[in-house]
Amino acid sequence: MRRRHAARLAVACAPLGVALASVDATAAELTLSIVGTNDLHGRLFTDEQGRAGLTVLAGYVDNLRAARAADGGAVLVLDAGDTFQGGIESNLSEGLIVVDAYNAIGYSALAIGNHDFDFGSADPRGPVATWLPQSLGGHEPGDVRGALKAAAARARFPFLAANIVDAETEQPVRWPNVQPSTIVEAAGLRVGVIGMMTETGLRQTLAAHAVGLATTPLAATVTREAKALRERGAELIVLATHAGGWCGETGDPLDLSSCDDGSEIFRLVRELPRGTLQAIVAGHTHGTVAHIVNDVPIISVPNFGVQFGRLDLTVDTALRGVTGVRVHEPQRVCARIEPASGECVVAPAGATPEYEGKPVVPSAKVAAAIAPELDRVRALRAEPLGVVADSSVERGSGTESALGNLFADAVHAAVPGADFALGYGSGRGGIRADLAAGPLTFGQAYDAFPFDNRITRVALTGAQLQRVITAQLPFWIDGRRGLPGLAGIRVVLRCDDNGPLAQLTDASGRDIEPDRRLVVAMASNTVGRFAATALDDEPPITAVELPVLVRDAVAGWLLEHGGHIGAADFVAEPRWQMPPKDGGCGTTTE
């Protein structure tokens, strides 16, 4: 098992939060253990390496709670955001299944992260065929933050967002069960908890979901909120924040030599007066931190729930002062372990891990809590789309993609009046899975594209379209992004001494004239890099987001199509014409 390290810090006859100095503890003491999680990204279940799983995490927390109950202490469990988007079950429930698990574990608070906005409006809860209009391929969204608000409303703990404000009023958002901070009672202590996220967070989610919001500077927000909490009677102040750092070593919490000293969380702590905060649970960077900076213990762990962080504060109950801090190294979350190394292994191999002197037993309570939503998600995944794939329809890699062209056809059909459509290739932010041969289900469509990106209607000229496609060619040619699907348009790639050039024709083979006004349908997350290429052009490129998700457009198109499809339906007539390997441009396709 990993060693645990303690750094002894104390106050002399002073209230909690005053700068720490040596003191002899003569009165009764209690231990407040703070467990921190971050960047779960919807991973509820133990992975193929035997790591993670919320039922297993709950087993560790249960053992810690038993230890604190025995010695008169208490446990707070805090999450630092980016909790819901990622795992398929969480995506399909828009985070509600994770909320159910966190309710059962007994979380105290959660700080909203940038990716917690990703789901946008709340999906309808009925069978897919009842809310997926076949003619449009999508449903009208309501509140663009509806899914996040629904998750917060379902939680039995507050969602915290002290520095997410209304852009007009500059006041913190106050949605149902969303607030800047909270006070938690723990073993007779009043613990104030502030929640925040990185100042750039709203630029790291879908723009449509963050409209009308802004973030305020971290240090000023902490200072304001800590003062307000003290005035309300808080004795300790803890920050849960979706802003973080990174350290290469965690053996000594006072040794910062392996840390990124310029990271956001370290800069924040150094900007604050000593004593403002007693602890921080951090996130966002997916980096490990188990260190003390400016007398403040900070914990953060990697993503996907494979570890949790922990720190213990020792509190003098008479002086109401912190007499010690113990920062633990990050704890692996394992249902089974290899005893010699402590590494996670897959059952039935290995042994049951122990924590706080007791075997770790996965929580039946958490398993029962998530069961109803899991059943609903599994039923949704299994719903048929009325189409049989006679052969697999694949993403492709470095070549024209049958599935990318299918996506483009669906996007094109979802935008009446569009001349062309650009779809996705494989790779980051693109299509994630092939469609396997056989009857297609909504779950397969979701696996292929789990993102809640909307379709956007873009108006531009033929010259602008040629220029923005040409600007992207290096990324497609060298494989950094897969070739995007095309509908209603053909691209012939030519090469000369100046590099690659896209020659564009319509489906009939006619050249697209430079001054021709066009309407192109594409996904919202691709518009930015296209528009940036011609930002100052006249006439300007204009883009309007539509109330249609790309994934829903694809599922709706398949429902309307019916019958049988195969890969050849989408690549029989090539939509990309690439030069041979020796044709220059660095191409690798025939």
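Between which two strands is the loop where Ala-187 is found?

Guide: Happy to show you! This is a predicted model, where local features need pLDDT of at least 70 and side-chain atom pairs count only at pLDDT 80 or more, while totals for chains, interfaces and linings use all residues. Residues are numbered from 1 along each chain as its sequence is written, and side-chain values use heavy atoms, leaving out hydrogens and water.

Ala-187 sits in the loop between strand S7 (181–186) and strand S8 (189–197). Strands here are DSSP runs of E with at least two residues, and helices are runs of H or I with at least four, both numbered from the N terminus. Although Ala-187 is not a glycine, its phi is positive, about 50°. Ala-187 counts as partly exposed because its relative accessible area is 38%; buried means under 20%, exposed over 50%, and partly exposed in between, using a 1.4 Å probe and protein chains only.

Now follow the chain to another loop, between strand S14 (307–316) and S15, where Arg-320 lies. Arg-320 is not a glycine either, yet has a positive phi of about 55°. With a relative accessible area of 24%, Arg-320 is partly exposed.

A cis peptide bond joins Pro-348 to Ala-347, with omega about 10°.

For a buried residue, look at Thr-221 in helix H6 (218–231): its relative accessibility is 1%, so it counts as buried.
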